[in-house]
Amino acid sequence: MADHISNPESKEPAGGWGSLKSIARIYGEAWPTPAAVEALARQNKPGGFMCVSCAWPKPANYHPFEFCENGAKATLWDLTNARCTPDFWGDHTVTELRAWKDHDLEMTGRLTHPMRYDGGTDRYVEVTWEEAFEQIGAALKKQTPESTVFYSSGHAGLEAAYLYALLARAFGTNNLPQSSNMCHETTSVGLSNVIGSPVGTIVWEDLEKADAFFFFGQNPGSNSPRFLHPLQDAKKRGASIVTFNPVIEQGLVSFVNPQNPFDMLTGNETAISDEYLQVQAGGDIAAILGLCKTVIEADDAALSAGAPRVLDVAFIEEHTTGFDRFIDCVRQADWQDIERESGLSEQAIRKAGEIYISSERVIGVYGMGLTQHAEGALNIAMLVNLLLLRGNIGREGAGCCPVRGHSNVQGQRTVGVAEKTKLIPMDKLRQLFNFDPPVKDGLTIVDAVKGLIAGEVRAFVCLGGNLLRAVPEQKEMEKGWEKLDLTVMVSTKLNRSHLFPGKQAYILPCLSRLEMDRQASGSQTVTTEDSFSHISASIGKRTPASPYLKSELAIVTGIAQATLPDNPKFKWDEWTADYGLVRDLIEATYPKDFKDYNGRMFQPGGFYRGNDAHDRIWNTEEKKAAFTSPERLNALSFEERIGRYRLVTMRSNDQFNTTIYGYSDRFRGIEGTRDVVLMCEEDIEAAGLYAGQSIRLVSDFEDGKRRELGGLLVTPHNLPRGTIGAYYPESNVLNAIDHHDRLSKTPASKAIPVRIEI
Ligand SMILES: Nc1nc2c(c(=O)[nH]1)N[C@H]1C(S)=C(S)[C@@H](COP(=O)(O)OP(=O)(O)OC[C@H]3O[C@@H](n4cnc5c(=O)[nH]c(N)nc54)[C@H](O)[C@@H]3O)O[C@H]1N2
Ligand SMILES: Nc1nc2c(c(=O)[nH]1)N[C@H]1C(S)=C(S)[C@@H](COP(=O)(O)OP(=O)(O)OC[C@H]3O[C@@H](n4cnc5c(=O)[nH]c(N)nc54)[C@H](O)[C@@H]3O)O[C@H]1N2
Ligand SMILES: [Mo]
């Protein structure tokens with residue numbers, strides 16, 4: 001057994017002293033002054049700044065320290081003392097840096113100056129903002145709207161996002177894919193299809209009233225740790241938690257609240273999940289069908305005994321379609337098939353089903369474990385089926401809770417960063433700005449990548465993110481990216497996407513949300529929308545990492561002015577001077593969602609922009625919530641076969657997407673490396689492998705393309721047979737761009753078909 005792996009069966013609870021040590025390690029490395037601690041104390045509170053990490057809501061009654069282990073890491077990461085200045089490029093060429101790890105690239109620190117790629121020396125060189133904007137504008141004007149893509153990662157606030165989308169449309173394109181195209185686009189499309197809402201239906205108070213939480217493929221311990229507080233409260237008042245996840249995730253097992261001195265001193269752990277079902281990757285459709293079968297059987301029994309019904313018959317009649325067909329499908333489903341496809345026993349599913357039935361109010365929580373599959377939208381529709389059976393949507397303490405990723409990923413979609421024209425009030429744009437917005441749908445990420453590889457996409461502007469690392473088909477992407485005419489990256493830190501510059505390439509360094517954003521009218525506020533559709537103001541107070549940084553909004557308007565023809569309605573300078581004016585535009589464009597925007601943005605917990613499904617108004621075709629009859633029992637697009645594994649690409653507790661904070665995945669007991677493949681002992685033995693052996697994973701997608709990732713150490717882990725795990729983003733070289741959710745085109749990153757080679 002390799003000695004870097006200290007304890008693969010880690011029993012350490014989430015939170016606790018481990019989380020403080022983990023924060024302290026980052027704090028001690030390149031970090032900072034006592035002011036960072038002051039910054040942490042203002043995190044996620046009215047008058048403070050909203051966390052730069054995930055989109056978990058900010059409660060109105062906040063804790064003294066309303067941040068978590070990973071939010072604190074993200075804050076400290078932005079506040080590093082290290083700087084990646086123009087001098088850095090004196091010592092390194094772009095080509096040489098391709099051998100660096102993601103962690104080492106970001107450890108060079110905050111970017112300080114706008115930079116332009118110089119092909120002659122293979123380095124980035126300093127450029128003034130004026131030159132950069134002018135050159136970018138000139139290059140964009142040479143492109144057609146169809147050949148240009150405006151990507152956005154969910155970091156930037158609502159104001160910058162709104163103007164970014166306006167820039168793209170005024171340029172003539174709806175090519176506005178976003179990080180959610182790799183993430184919760186399955187929700188936007190799949191959930192809209194069945195309940196008419198592209199976002200979750202619950203609000204904070206529902207968390208306090210639920211009797212049970214059913215978790216499908218979401219890992220709060222690492223990815224939304226502040227969620228553990230309401231979960232701990234729920235457990236204390238007797239609520240149940242049931243988890244479906246192939247991986248035993250420590251945050252769903254037990255939690256020690258690091259903000260509770262009593263818990264910390266006594267080591268008082270709260271057990272989280274009452275039942276933990278290790279469904280195999282892609283097996284949720286069968287598992288949920290089994291739960292529904294348990295509900296229907298209980299209802300049949302109640303009917304014949306003359307007892308109260310288990311189904312919410314009144315709700316089903318008034319609010320849903322497709323019930324009869326769905327019920328037939330449930331009755332016909334065979335337990336043997338359900339067991340085989342889910343990898344779970346009938347008994348275990350029945351036990352979970354009993355908890356569902358005996359709980360008056362249930363919240364269904366999900367994340368990437370449902371969305372990132374070839375049948376991701378069907379996964380979500382199945383969860384909705386389960387909730388609809390007992391009227392668990394649109395009522396207190398119940399609902400559907402997709403947990404979003406980036407801090408403003410949902411909000412950017414709300415204000416127009418979207419490739420689908422039907423989501424955009426084009427008439428309003430026409431009326432407000434006197435131009436004709438493009439009528440054709442834009443490219444999703446999958447289509448943009450394919451267009452890039454085919455040479456049809458010629459220019460990429462990226463508002464944040466690390467797209468080359470985040471998408472499938474990484475090797476071809478890297479080759480394609482270099483052939484682009486223009487790449488523009490608005491970034492805070494150096495990452496791998498900068499290392500494949502287009503023929504003309506720019507890195508434009510921006511302020512972090514923690515930093516003071518001074519414009520002509522004074523200090524500016526930005527706003528973000530959380531997973532519960534609440535919009536909060538965020539004020540940065542830190543001195544910017546460099547005097548040359550610009551805000552994301554100012555960069556967007558800078559590019560817009562250099563690119564677009566004059567239009568008296570486009571007041572880029574005035575908008576840059578006062579973001580309140582941009583909020584007025586957002587309110588004018590989306591009056592229902594953003595009523596009295598400037599007046600309400602400081603409301604504790606944020607203001608709620610509302611959600612029709614929360615009020616049982618269904619904006620679906622038939623104006624009802626829809627039951628979906630599944631035509632298949634797993635979420636895969638490939639067949640089972642000996643030697644073919646389902647690879648789950650995982651996040652460690654020491655990363656935020658492609659930003660790798662370090663090499664300590666302490667909940668999983670994996671220390672010192674990320675080059676591992678997790679497998680259960682039985683699979684290791686059956687394949688004739690041994691722990692610590694170095695192997696290669698090879699794509700088994702059957703499109704004739706060779707995709708491989710070598711140097712992975714076989715690491716025993718508690719997983720179902722046939723499901724194996726490796727870290728994202730490194731494992732993205734293994735996924736095919738055509739392997740995605742059928743409806744939304746979200747890459748299927750949670751069951752990639754692979755083989756093992758020695
Ligand atoms: N610290 C930290 N926080 C983050 C992020 C981060 O990288 N680091 N990323 C942010 C972003 S952008 C996002 S989208 C969210 C992501 O947060 P999550 O939605 O939690 O995403 P993952 O950790 O990728 O996967 C979630 C879980 O799905 C499980 N899973 C895999 N396959 C299946 C399956 O077939 N069925 C079921 N039931 N479960 C499965 C995995 O074991 C894992 O526990 O977190 C956000 N917050
Ligand atoms: N195999 C596999 N692939 C996946 C996933 C998976 O689970 N498995 N998850 C997918 C998901 S859910 C997502 S959301 C995507 C993430 O994809 P992206 O959103 O594209 O990637 P990030 O890692 O969040 O981007 C990190 C970079 O953003 C920049 N940055 C950080 N903060 C800011 C800021 O405030 N402003 C600006 N302008 N830039 C900033 C920094 O330069 C940093 O290097 O990856 C997807 N890819
Ligand atoms: Mo995400």
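User: In this predicted model, which residue has a polar backbone atom 3.4 Å from a nitrogen atom of ligand 1?

Analyst: A polar contact is a pair of N or O atoms within 3.5 Å. A polar backbone atom that lies 3.4 Å from a nitrogen atom of ligand 1 belongs to G369.

User: How much of the accessible area of ligand 1 does the protein cover?

Analyst: On its own, ligand 1 has 910 Å² of accessible area. The part of this area that the protein covers is 98%.

User: Between which domains does ligand 1 lie, and why?

Analyst: The domain assignment divides the protein chain into domain 1 (14–78), domain 2 (83–183 + 420–595), domain 3 (187–403) and domain 4 (645–757). Two of these give residues to the shell around ligand 1, so the ligand lies between domain 3 and domain 4.

User: How many residues of the shell around ligand 1 are charged?

Analyst: The shell includes eleven nonpolar and 15 polar residues. The charged residues of the shell number four.

User: Which residues of domain 2 lose the most area to domain 3?

Analyst: Domain 2 and domain 3 bury about 660 Å² between them, 61% of it on carbon and sulfur atoms. On the side of domain 2, three residues together account for 69% of the buried area: C183, S531 and F532.

Conventions: Residues are numbered from 1 along each chain as its sequence is written. Chains are lettered from A and ligands numbered from 1 in the order in which they are written. This is a predicted model: local features need pLDDT of at least 70, side-chain atom pairs count only at pLDDT 80 or more; totals for chains, interfaces and linings use all residues. Side-chain values use heavy atoms; hydrogens and water are left out. A polar contact is a pair of N or O atoms within 3.5 Å; within protein, one must be able to donate a hydrogen and the other to accept it, and residues adjacent in sequence count only if both atoms are side-chain atoms. Accessible areas come from the Shrake-Rupley method with a 1.4 Å probe; for residues, only the protein chains shown count as cover. Ala, Val, Leu, Ile, Met, Phe, Trp, Tyr, Cys and Pro count as nonpolar, Asp, Glu, Lys and Arg as charged, and the others, Gly among them, as polar. Domain bounds come from an automatic or database domain assignment. Buried area is the accessible area (1.4 Å probe) that two parts lose on being put together, summed over both.
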